[in-house]
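Hi there,

Here is the structure I promised to pass on. Have a look at it first, and my notes follow below.

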Amino acid sequence: MKFQIEKSVLSTIVSTVSRAISSKTNMQILEGIYMEAMEGQLILRATDTEISMESRHTCFVQEPGSIVLNASLFGDIVRKLPNAMVHMESEGQKLSLVCEQSEFEIMGQNPEEYPQLPELGGAEQIVVTGESLLKAFKETQFATSNDDMRMVLTGVLLDVKKEDITFVALDGYRMALSRIEGEQALERDLILPARSVSEISKLIDETKTLTLEIGNNHVLIQFDETKFFTKLLNGEFFRYNSLIRKEHDVTVVADRKQLIDSLERASLMTGKERNGLVRLEIKDDQIEILSNSEVGKVHETIRAQKTGADLTIAFNARYLLEGIRVMDTEEISMGFTDAVNPCIITPLNGNDMLYLVLPVRLANL
């Protein structure tokens with residue numbers, strides 16, 4: 001293999017595909033980047049078997065060939081090269097790299113041992129705008145579970161219907177739901193791992209339309225010169241619709257930013273042993289937010305519009321804040337039945353996002 005390419009281009013595609021490499025792998029070959037030069041293109045590929053990425057870019061190829069290089073070492077070398085043309089040549093499993101006055105010899109691995117890209121096997125398609133997909137991921141990903149004993153809850157559900165796609169994440173304490181309106185050509189459920197959602201979000205161009213090609217066990221998204229494959233999580237997701245209450249005994253409308261600011265100040269005084277608990281006393285036209293711990297106490301008050309009886313209820317402050325922060329609205333509506341059933345939070349206008357959070361029993365405060 002013998003080719004040359006600009007350092008800036010090489011650095012970009014190396015950093016892009018390296019996102020697919022996991023630090024937890026026990027297979028040495030998966031610590032590497034597959035590199036192939038052929039027909040005027042440089043092809044880089046990386047995988048951890050859950051995520052696979054391939055990026056191609058035009059370059060001057062003198063001799064075709066391939067090699068696998070340690071991703072961490074090669075990435076560090078490329079980042080520190082001068083901004084000039086990089087000349088690379090391999091012989092067997094040894095790569096020679098020259099960039100101006102810098103010369104490296106890097107030992108690689110056998111490219112024939114590197115995994116192939118996944119086969120989709122009869123792909124169906126979902127079409128969405130980059131802007132709407134990024135928004136849906138932002139509004140749900142944070143609520144995924146870290147419990148590997150319930151693997152399906154460690155991902156984001158895409159409930160695809162003819163008229164819309166509903167994105168859902170839940171961890172047993174809260175549920176985040178986001179909806180993209182628009183006709184689709186299929187109806188099915190699929191669960192994307194949370195890590196895949198995070199990496200896809202970094203690649204999304206909000207100005208473009210994206211096509212998700214859905215196979216039997218994988219999804220493929222094309223980002224310009226980069227292909228992103230992710231394995232789907234297998235299993236049946238929780239029946240989330242059963243959690244969504246249509247009617248509330250108490251409804252409160254509040255300014256989102258004021259509520260966030262007050263909750264953030266109150267959470268400063270929660271204390272570690274109390275797991276960040278805050279108490280909300282909803283009465284008249286206001287919400288009183290209280291917390292006390294060994295370090296002190298705090299009392300916050302914000303204006304609100306209440307319908308229904310007075311209510312005192314307690315929450316984990318972090319869980320409450322995370323759902324409210326991702327909402328893109330000036331005012332929010334909070335629906336309650338009592339102090340032990342979930343609170344349902346939505347933007348005041350619109351039905352494209354919903355956040356459900358379980359309260360903490362007051363006896364624990």
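Which helix and strands do the buried residues of H2 pack against? This is a predicted model, and in it those residues pack against helix H1 (7-17) and against strands S2 (32-38), S6 (65-70), S7 (85-91), S8 (94-99) and S9 (102-107).

Let me stay with that helix for a moment. The buried residues in H2 (residues 71-80) are Ala 71, Phe 74, Gly 75, Ile 77 and Val 78. Seen down the axis of H2, they fall within an arc of 165°, so they line one face of the helix. Turn to the other side of H2 and you will find Arg 79 and Lys 80, which are exposed. The start of H2 is worth a look too: there, the backbone nitrogen of Ser 72 has a side-chain oxygen of Asn 70 within 3.1 Å.

Now to the aromatic rings. The count comes to 4 aromatic pairs. One of them is formed by Phe 137 and Phe 167, whose rings sit edge-to-face, with 5.8 Å centre to centre and 85° between the planes. Phe 137 belongs to helix H3 (residues 130-138) and Phe 167 to strand S12 (residues 164-170), so this pair ties together parts that are 30 residues apart in sequence. Both Phe 137 and Phe 167 are buried.

One more ring to point out: the face of Tyr 34 has Arg 45 lying over it, at 4.6 Å from the ring centre.

Technical notes: Residues are numbered from 1 along each chain as its sequence is written. This is a predicted model: local features need pLDDT of at least 70, side-chain atom pairs count only at pLDDT 80 or more; totals for chains, interfaces and linings use all residues. Side-chain values use heavy atoms; hydrogens and water are left out. Rings of Phe, Tyr and Trp (its six-membered ring) pair if their centres lie within 6.5 Å; planes under 30 degrees apart count as stacked, over 60 as edge-to-face and the rest as tilted. Helices (H or I, at least four residues) and strands (E, at least two) are DSSP runs, numbered from the N terminus. Buried means under 20% relative accessible area, exposed over 50%, partly exposed in between (1.4 Å probe, protein chains only). A charge sits over a ring if NZ of Lys or CZ of Arg is within 6 Å of the ring centre and within 35 degrees of the ring normal. The arc is that of the directions from the helix axis to the C-beta atoms. Contact means heavy atoms within 4.5 Å. A polar contact is a pair of N or O atoms within 3.5 Å; within protein, one must be able to donate a hydrogen and the other to accept it, and residues adjacent in sequence count only if both atoms are side-chain atoms.
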